[in-house]
Amino acid sequence: MSNTRSTLLLSLFLVALLLLTMTSLYALYLNQRVTTVLGQGDENLEDVTMAAAEVSSYAKRAEGHLLLYLSLHRETDKTKFPQRVASLQEQIALLDHAITNSASRNILDEIKANSRNILSLGEVLIAAHDHSMAASGTFDPTAYSAEIDHLHGRFSSIRRLGVTLVSFEVSRRNDVKLDLLNETEELRFYLLALIVALSGLIAYLGYRLARSVRRLQKSFGEQ
């Protein structure tokens with residue numbers, strides 16, 4: 001009977017020890033996973049936020065050069081307008097490649113819609129300017145106020161959406177990390193409670209096992 005009890009206690013002790021080891025290893029794995037996840041995505045986030053900020057910047061600069069050319073007639077502004085639009089489209093292409101989140105992509109789709117044909121729309125105004133300057137030596141922007149207002153609305157929307165995209169991406173990544181930390185802290189609490197319980201069980205089983213071994217030794221000694 002004592003021999004059977006000792007065997008049972010030993011089996012329970014080994015099982016509890018195995019569970020404690022597995023739980024401890026899982027806790028280490030969880031800690032490593034959290035560290036890895038928190039470190040992931042920062043590079044991509046930087047790429048997205050920088051490109052979105054550049055979108056806002058190039059939209060403002062492109063519009064500025066167009067309006068300066070229409071009012072001050074400087075050739076440098078005429079040259080820089082298509083260059084800034086091209087840079088704007090390059091940044092949009094970068095965002096199109098980097099963004100996978102559906103909500104962020106909805107913002108990007110609005111940016112793409114507002115940036116569509118802005119080069120050709122601007123070139124129409126430039127052509128009207130050049131034709132007027134060649135014919136009369138003057139250009140009246142108010143005659144094209146509807147076209148200018150339309151382009152201004154497009155560029156303003158692009159700038160606003162670029163800023164919105166930056167804020168949204170930063171906030172979204174922070175929320176994801178915060179949720180992960182909260183879930184992990186809760187799981188860590190349960191793991192710690194399990195480790196404490198298993199440690200107590202192992203201590204108790206070890207004590208009972210030691211007593212059983214001493215009884216067996218005493219029994220054999222008496223024989």
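Predicted model: local features only at pLDDT ≥ 70, side-chain atom pairs only at ≥ 80, totals over all residues.
The protein has six helices and zero strands. Along the sequence, the pattern reads α-α-α-α-α-α. Of its 223 residues, 30% count as buried. The protein exposes about 13,600 Å², and carbon and sulfur atoms supply 60% of that area. Among contacts with a separation of 6 or more, 81% are between residues 24 or more positions apart.

The buried residues of α3 are D77, F81, R84, V85, S87, L88, Q91, I92, L95 and A98. The list contains D77, R84 and Q91 as well as F81, V85, L88, I92 and L95.

D77 can be taken as an example. The relative accessibility of D77 is 3%, so this residue counts as buried, the cut-off being under 20%. Leaving aside neighbours within four places in sequence, D77 is in contact with H65, L68 and Y69. Helix α2 spans residues 42-72, and the loop between α2 and α3 holds H73. Phi of H73 is near 65°, a positive value in a residue other than glycine. With 32% relative accessibility, H73 counts as partly exposed.

How does α3 lie against α5? Two packed helices are described by the angle between their axes and the distance between the axes. For α3 and α5 (residues 118-136), the angle is about 175° and the axes are 10 Å apart. Angles over 145 degrees count as roughly antiparallel, and α3 and α5 are therefore roughly antiparallel to each other. On the α3 side, K78, F81, P82, V85 and L88 take part in the meeting of the two helices. On the α5 side, the residues are I118, L119, G122, E123, I126 and D130.

N117 lies in the loop between α4 (102-115) and α5. Phi of N117 is positive, about 70°, although N117 is not a glycine.

Which aromatic rings pair up? A search of the whole structure finds one aromatic pair. F139 and Y144 form that pair, which is stacked, with 5.5 Å centre to centre and 20° between the planes. Planes under 30 degrees apart count as stacked. The two residues can also be described by their accessibility. F139, at 10% relative accessibility, counts as buried, whereas Y144 is partly exposed, with a relative accessible area of 28%.

Helix α6 covers residues 145-222, and V170 is found in it. V170 has 34% relative accessibility and so counts as partly exposed. Which residues does V170 touch beyond its neighbours within four places in sequence? The contacts of V170 are with L45 and T49. V170 and L45 are 125 residues apart in sequence, yet their C-alpha atoms are 7.4 Å apart in space.

Note on methods: Residues numbered from 1 in each chain as written. Heavy atoms only, no water. Buried < 20%, exposed > 50% of the residue type's maximum accessible area, 1.4 Å probe, protein only. Contact = heavy atoms within 4.5 Å. Phe/Tyr/Trp six-rings, centres within 6.5 Å; stacked < 30°, edge-to-face > 60°. Helix = DSSP H or I, 4+ residues; strand = E, 2+ residues; numbered from the N terminus. Areas by Shrake-Rupley, 256 points an atom, 1.4 Å probe, with all protein chains shown as cover. Axes fitted to C-alpha atoms, helices over the stretch in contact; angles between N-to-C directions. Parallel < 35°, antiparallel > 145°, perpendicular 65-115°, else oblique.
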